[in-house]
Amino acid sequence: KVWFQNRRCREKQRKESCRLQTVNAKLSAMNKLLMDENDRLRKQAAQLLYENGYIRQQLQHGGITTDTSCDSVVTSGLQHIPTPHHQHSPQDATYSGILSLAEEILSEFLEKATGTAVDWVQMPGMKPGPDSTEMVNILHGSIAGTAARACGLVSLEPAKLIVEVFKDKTAWHRDCRRMATLYATSTSNGGSIEVLYTQMFAPTTLASARDFYTLRYTSPLEDGSVVVCERSISSLSDAAMAPQVQPFIRACMQASGCLVRPCEGTGSIVIIVDHMDLEPLLVPEVLRALYNSSIVLAQGVTMAALKHLRHLAKQGIPDIVLGQGQQPAAVRALSHRLVKGFNNAVNTFMDEGWTMITCDGTDDITIMVKAPPSSTVKLHTSSKGVLCAKASML
């Protein structure tokens, strides 16, 4: 009896020791993440103090001068604003031009992810505590567009695997209709450069859907991290062009992406940045809050990517276990299909087979019909298909 009691006690102590080691490793990783964030905030505070001091000095000397030769932080801060993409000339389509453009996108992304290019503030409602494994920030300031940043600990490795999962947007981003690779090449450091065309669903019946024409750069870094960054481009002569497609409106993606840092024993530290300009002036005024809100972007895109990575970390890759019945991953896949089907019905794209029956105007009821692909019967007499009646009420 004593022997079995000692055995149970030792087993209990072993399990507790393993649990505490896991918790300690997680806290060590979060401590490193918080130290990096603290260092970034310290740099940002120093920059703001320097700007404040410079402005005070100019005011004391009779106002701010227009001398552009002064290398102040105020003027140098403008360097963080991305240059218009139309400035890239057609000869940039050479390999060296594409590589230099990719390196420029990488530099912009890292400045947002770990630097001071964007004034990040904590998202309302997010209160990190001792058990929290993520931080979510949103854009604060006068930079164009909406932006969000999420940092978190994910129990997945290696970093390349996380990056490949993140790149498959159609698997985790429910508003992503489709993504096509128009051009791809590899780099000497083991990375890759891709030109992508992406279509996004519209969230309402009163706005047009958005699409993006972007360059995506995947590259390993010297410290063992892996980064995938993306930004809108206007043209590349060596790559296939993405023509304007009706009814899509071409939106702009500023430098965005994912940075993955290996963290020994606990997985990886993941930093995700999304920065977009969805052309809010082209939607009705009552809907512009959807397109101007960094909180909406954070919840719908940035946090969704981090949540998907955590689901995969919990259930493994592949996340379907045979012989154990229906898994939560299968439920998620069904949920994904349902949302995609609903988004298809809300947007009713013509290339999906939708045909308009009647429409009283943009603010009234629209009736659309989608017949089966093999149907040869007229729409009004067909017994199969999908009927969608859309009513927009403000």
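# Reading strands, rings and helices

Mentor: Start with a hairpin: S6 and S7 have five residues between them, and Gly-224 in the turn has a positive phi of about 95 degrees.

Trainee: Before we go on, what kind of model is this, and how are residues numbered?

Mentor: This is a predicted model, where local features need pLDDT of at least 70 and side-chain atom pairs pLDDT 80 or more, while totals for chains, interfaces and linings use all residues. Numbering runs from 1 along each chain as its sequence is written, and side-chain values use heavy atoms, without hydrogens or water.

Trainee: What counts as a strand, and when do two strands pair?

Mentor: Strands (E, at least two residues) and helices (H or I, at least four) are DSSP runs, numbered from the N terminus. Two strands pair if DSSP finds at least two bridges between them. Strands of a sheet pair through backbone hydrogen bonds, either parallel or antiparallel.

Trainee: How many bridges join S6 to S7?

Mentor: Seven bridges link strand S6 (residues 210-220) to S7, and the two run antiparallel. Ser-219 faces Val-227 in S7. S7 also has strand S10 (residues 256-263) as an antiparallel partner, over five bridges. There, Val-228 has Cys-258 in S10 as its bridge partner.

Trainee: Which way do the residues of S7 point?

Mentor: In a regular strand the side chains alternate between the two faces of the sheet. Here Val-226, Val-228, Glu-230 and Ser-232 point one way, Val-227, Cys-229 and Arg-231 the other, and all are buried.

Trainee: What does S2 pair with?

Mentor: Strand S1 (residues 120-122) pairs with S2 over three bridges, antiparallel. Val-121 has Ile-138 in S2 as its bridge partner. S2 is also joined to strand S3 (residues 146-154) by five bridges, again antiparallel. Met-135 stands opposite Cys-151 in S3. S2 and S3 make a hairpin with six residues between them, and Gly-141 in the turn has a positive phi of about 140 degrees. S2 (residues 134-139) is mostly covered, with six of its six residues buried.

Trainee: In what order do S12, S13 and S14 lie?

Mentor: These three strands form an open sheet in the order S12-S13-S14, with antiparallel pairing. S12 and S14 (386-391) are the edge strands, each pairing on one side only. For angles, axes are lines fitted to C-alpha atoms (for helices over the stretch in contact), and values run from 0 to 180 degrees between N-to-C directions. Neighbouring strands of this sheet are turned by 25 degrees on average, direction ignored. Six bridges join S13 (residues 365-370) to S14. Ile-367 stands opposite Ala-389 in S14.

Trainee: How many aromatic pairs are there?

Mentor: Rings of Phe, Tyr and Trp (its six-membered ring) pair if their centres lie within 6.5 Å; planes under 30 degrees apart are stacked, over 60 edge-to-face, the rest tilted. The count comes to four aromatic pairs. One of them is Phe-166 with Trp-172, stacked at 5.7 Å centre to centre and 25 degrees between the planes. Both of these residues are buried.

Trainee: Why is the pair of Phe-248 and Phe-349 called stacked?

Mentor: Their ring centres are 5.0 Å apart and their planes at 15 degrees, so the pair is stacked. The pair links distant parts of the chain, 101 residues apart: Phe-248 lies in the loop between S7 (226-232) and S8 (249-250), Phe-349 in the loop between helix H8 (328-347) and S12 (354-359). Phe-248 is buried at 6% relative accessible area, and Phe-349 at 3%. With Phe-201 they form one aromatic cluster.

Trainee: What does the side chain of His-275 reach?

Mentor: A polar contact is a pair of N or O atoms within 3.5 Å; within protein, one must be able to donate a hydrogen and the other to accept it, and residues adjacent in sequence count only if both atoms are side-chain atoms. The His-275 side chain reaches the backbone oxygen of Ala-144 at 2.9 Å. His-275 lies in strand S11 (residues 267-277) and is buried at 1% relative accessible area.

Trainee: How far does helix H3 reach?

Mentor: The expected span is 1.5 Å times one less than the number of residues. H3 (residues 95-113) has 19 residues and reaches 26 Å from first C-alpha to last, close to the expected 27 Å. Its buried residues include Leu-101, Ile-105 and Phe-109.

How values were computed:
Buried means under 20% relative accessible area, exposed over 50%, partly exposed in between (1.4 Å probe, protein chains only).
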